[in-house]
Every structure is written in C-alpha cells, then in structure tokens.
Amino acid sequence: MNRYELLIFDWDGTLVDSIDRIVQSISVAAARCALPPLDERAIKGIIGLGLPEAIAALYPHVTDVGTAEAFRRAYADHYLSLEAEPSALYPGVAQALQQFRDQGHLLAVATGKGRRGLDRVLQGQGWTDFFDVTRCADETASKPDPLMIHEILAHCGVGPERALMIGDSVFDLEMARRAGVDSVAVSYGAQPLEVLQACSPSMTINRFSELGDWLRSARTAEVVAYVG
C-alpha cells in the first residue's frame, strides 16, 4: 500500500534543470523593456509563480499593460530560443517517475509554466500522456493559491491526506500547506535550503533519487502500523 497515492510535481527546478535559463530570460526581458537589472537571487526567489505574478513581484512599479505584455513577449522569445535544445531532466528523474507509475502512484504536474509551454516540453520528452493530470498557472490560480492542487485532487479522486507535493520553491510548499497536502522540498532548484526548511516540509532531498527511498520507508512504516 502506498502512503501517498498521488505524487504532484513542480516542473522547473524540480524535474527539469531550467533555472539558469529562466534567470537569463527574465534578465534579457528586463533589459529589452528598459527596466533596472536584478540580481540572480531576487529572480530565483520568484520562480514558481505564474509569469504575470512574477513580473508584478519583481517590478511592482510596472502597472501599464503594454510594458507587462512587452516583458512577457521578450521573456517567451528568449526562453524559446534557449529551448531549441530542451532543458535536461535532472539525473534519475525519468527512471524514478517510471518506477513510481509501476508502483501504482498517480502522477501530476503543478507548474507556474503556461499551458503552451508545458505541452511543448512534455511533447519533447515523449510524455504527452505520461502524467495523469497537469495544471498550469495560466489556466487556474498561480501558486501559492491552493486551487491548482484542489483541482488535481478532484480530477484524481484523491483526498489531501493521500497526496504529496514535491517542489523547489516556497510557493510549492505553501500551496501544499494551504491544500492540506504533505510536501517534499528539493534543495537543488531555485531557492536555498534554509528558505525551504522554514516552510516545514515533511522531507528535504538533495537528489531526486532520494524521493524513492523516502517513499519506500513511508510505505514500510504504514504497513507495519497497519499490521500492528
């Protein structure tokens, strides 16, 4: 018996090594829109939000629609140019996800990417039908609002106590908390470990392969408790 029937994954910085490209694309977009440059830490701090929310967080003084739209287009154009060679999966991700499916877990993605962007990268990985459900920031509320997880739970018919959110940002972990879902923080993505630990995740992993080990220990503990 799997303690967590449903595993919900963030995309960028959790499954895919794309953080540097996101940082670069935001910096390029800011320059093209004549906005002041920001340091890498500040940009990484908003990764996980939907793009409109990220722009508002980085440049709260930008209130006109035209500038925000120009920023969005510049970001998308540069990011797509970098993705001519798709960002690589982190080591062990493909194998682990297949193992999770084979073990009976439902798999979902909850991402700050737009639907077009996610569909493009899923197709590039040959994963168009791999996940049971995916939700994107431009079709629901952006993280950390829990609506994205609520919709995933409803689609899968799974209660929050049987679901687990895995992500690399405070937005992932706070979204999970608001939805009543346990979370695992990954330390190799956008945000520093000490920032993630402040959100009290159930577990922190330094490599993706550690997730499978932790899930097996959780499954064993549940079986022992049930038998006992």
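Reply: The largest pocket

The largest pocket lies between domain 1 (6-17 + 89-227) and domain 2 (18-83), because both of these domains give residues to its lining; their bounds come from an automatic or database domain assignment. This is a predicted model, in which local features need pLDDT of at least 70 and side-chain atom pairs count only at pLDDT 80 or more, whereas totals for chains, interfaces and linings use all residues. Residues are numbered from 1 along each chain as its sequence is written, and side-chain values use heavy atoms, with hydrogens and water left out.

The space in the largest pocket comes to about 750 Å³, a volume filled by probe spheres set on grid points that are joined across faces, edges and corners. A pocket here is an open set of points on a 1 Å grid over the protein atoms alone, with protein on both sides within 12 Å along at least five of seven lines, and lining residues have an atom within 4 Å of a point.

By that rule 27 residues line the largest pocket, and those that lie nearest its centre are Leu51, Tyr75, Lys113, Gly114 and Gly117. Two or more lining residues come from each of α1 (19-32), α3 (51-58), α4 (65-82) and α6 (115-125), helices being DSSP runs of H or I with at least four residues, numbered from the N terminus. Of the elements, α4 gives the most to this lining, with five residues.

Note on methods
On a 1 Å grid over the protein atoms alone, a cavity is a set of points where a 1.4 Å probe fits but cannot get out, and a pocket is an open set with protein on both sides within 12 Å along at least five of seven lines; lining residues have an atom within 4 Å of a point.
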